[in-house]
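Thanks for having me today. I would like to walk you slowly through one structure, and I will begin at the start of the chain and work onwards.

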Amino acid sequence: VSRQMWTELWPGTPVEQIPIGHITNGVHIGTWLVPELRDLYDRYLGGEWMENADDPATWQAVDTIPNAELWAAHVERKRKMIDFVRDRLQQQLVRYGEGPRRVAAAGQLLDPSALTLGFARRFATYKRATLLFRDLERLKRILNNPERPVQIVFSGKAHPHDEPGKALIRRIYELSQDPEFRGKIVFVENYDMNVARHLISGVDIWLNNPRRPYEAS
């Protein structure tokens, strides 16, 4: 398809010979790896691990990282993520014109010890952002379990002309304001790479539940 789209750049060249090959989505380690894990990998994988990240042998030493140190790094990232989300939620409420009491309460949302799920991406319908809400009564029991608390952080944007996608965001926001879900479901506005970086590195579980085969990667 791409070769056909860009034929004008190679006039007279048969479509099958246009030099456009396959591409694969990737992650730039230097951009996305948080400092806590980078320091940990430097200590246990050796100083050259990033240059050899595509070599399976590089990762054989990952099992030597003590569980306690790996968990401590995650807990620190989770703490930073929660602080970040609280600050963003307070900014949102200020923009809405909410009073100081509610703004102050937002600074206490999210429990650092609760199992935290994250879902943040473009809100296209096939990504099924609201799949968790198919059975609300079951979800209420899960999120409000006093012995095993669970909370969910959402973020994302829909295309300006994607009305069904925007409706998904409205649905999540409305549920986050329900008294039985308040404090257990939060939606962070103005999704961007900075929001993604904090959420991905701080949540315990990253949700991805697209409808096959519509996901691009």
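**A walk along a predicted model**

V1 is exposed, with a relative accessible area of 77%, and please keep in mind from the outset that what you see is a predicted model. V1 sits in the segment that comes before helix 1, which covers residues 2-5. Together with M5, W6 and L9, V1 makes up a nonpolar patch on the surface, and the accessible area of these four residues together is about 460 Å².

Let me move on to helix 3. Which residues of helix 3 are buried? In this helix, which runs over residues 35-45, they are E36, L40, Y41 and L45. When we look down the axis of helix 3, these buried residues fall within an arc of 125 degrees, so they line one face of the helix. On the other side of helix 3 we find P35 and R43, which are exposed. And what do the buried residues of helix 3 pack against? They pack against helix 4.

With a relative accessibility of 23%, L37 counts as partly exposed, because the cut-off for buried is under 20%. If we leave aside residues up to four places away in sequence, L37 touches L70 and A73. For a sense of distance across the model, the C-alpha atoms of L37 and R134 are separated by 36 Å, and these two residues are 97 residues apart along the chain. Just after helix 3 comes G46, which takes a positive phi of about 95 degrees.

Now to helix 4, which spans residues 67-96 and so has 30 residues. From its first C-alpha to its last, helix 4 reaches 43 Å, which is close to the 44 Å expected at 1.5 Å a residue. The residue that follows helix 4 is G97, and its phi is positive as well, near 85 degrees.

That brings me to charged side chains. As a general point, side chains of opposite charge can pair when their charged atoms come close. How many salt bridges does a search of the whole structure find? The search finds twelve, and I will show you three of them.

Let us take E36 and R77 to begin with, where the closest N and O atoms of the salt bridge are 3.1 Å apart. E36 lies in helix 3 and R77 in helix 4, so this pair ties together parts that are 41 residues apart in sequence. Are these two partners buried or exposed? E36 counts as buried at 17% relative accessibility, and R77 counts as buried at 9%.

Another salt bridge joins D83 and R79, again with the closest N and O atoms 3.1 Å apart. D83 and R79 are four residues apart in helix 4, and they are therefore separated by about one helical turn. D83 counts as partly exposed at 37% relative accessibility, and R79 is partly exposed too, with a relative accessible area of 40%.

The remaining example is the salt bridge between E98 and R102, whose closest N and O atoms are 3.0 Å apart. E98 is partly exposed, with a relative accessible area of 32%, and R102 is partly exposed with a relative accessible area of 32%.

Before I stop, I would like to come back to the backbone. Most residues other than glycine have a negative phi, and with that in mind, two residues deserve a careful look. L110, which is not a glycine, has a positive phi near 75 degrees. You will find L110 in the loop between helix 5, residues 100-106, and strand 1, residues 115-122, and L110 is buried, with a relative accessible area of 7%. N190 is also a residue other than glycine with a positive phi, in this case near 55 degrees. The loop that holds N190 lies between strand 3, residues 185-188, and helix 8, residues 193-202. Where L110 is buried, N190 counts as partly exposed, at 44% relative accessibility.

Note on methods. Residues are numbered from 1 along each chain as its sequence is written. This is a predicted model: local features need pLDDT of at least 70, side-chain atom pairs count only at pLDDT 80 or more; totals for chains, interfaces and linings use all residues. Side-chain values use heavy atoms; hydrogens and water are left out. Helices (H or I, at least four residues) and strands (E, at least two) are DSSP runs, numbered from the N terminus. The expected span of a helix is 1.5 Å times one less than its number of residues. Patches are made of residues with over 30% relative accessible area and no salt bridge: like charges are joined within 9 Å, nonpolar side chains (Val, Leu, Ile, Met, Phe, Trp, Tyr) within 5 Å. Accessible areas come from the Shrake-Rupley method with a 1.4 Å probe; for residues, only the protein chains shown count as cover. A salt bridge is a side-chain nitrogen of Lys or Arg within 4 Å of a carboxyl oxygen of Asp or Glu. Buried means under 20% relative accessible area, exposed over 50%, partly exposed in between (1.4 Å probe, protein chains only). The arc is that of the directions from the helix axis to the C-beta atoms. Contact means heavy atoms within 4.5 Å.
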